[in-house]
Amino acid sequence: MLKANHKFVASFAAMALLVALAVTALFWSFSQMKQAAEAREHTFVVIHSANELMTALIDAETGERGYL
């Protein structure tokens, strides 16, 4: 009877460890997804700023040609 109890405790401990490992992996993967989303947002902001700069440069060039 005592050996069966040890098997149950060992099985329960193994299951708890497996669940803890799965939860840890889940939180890690969500953290990675959040970092990737932040990187994409930063890239979008940089590209948008570059587009605005290019538009301003084109306008300045057009104004310069109009002045001449």
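User: Where does M54 sit?
Analyst: M54 lies in helix α1, which covers residues 2–67; helices here are DSSP runs of H or I with at least four residues, strands are runs of E with at least two, and both are numbered from the N terminus. This is a predicted model, where local features need pLDDT of at least 70, side-chain atom pairs count only at pLDDT 80 or more, and totals for chains, interfaces and linings use all residues. Residues are numbered from 1 along each chain as its sequence is written, and side-chain values use heavy atoms, leaving out hydrogens and water.
User: What else is there in the secondary structure of the protein?
Analyst: The protein comes to one helix and zero strands.
User: And how exposed is M54?
Analyst: M54 has a relative accessible area of 48%, so it counts as partly exposed, the class between buried (under 20%) and exposed (over 50%), with a 1.4 Å probe and protein chains only.
User: What share of the 68 residues counts as buried?
Analyst: For the protein that share is 0%.
User: What does the C-alpha trace span?
Analyst: Along its principal axes, the trace spans about 100 × 5 × 5 Å.
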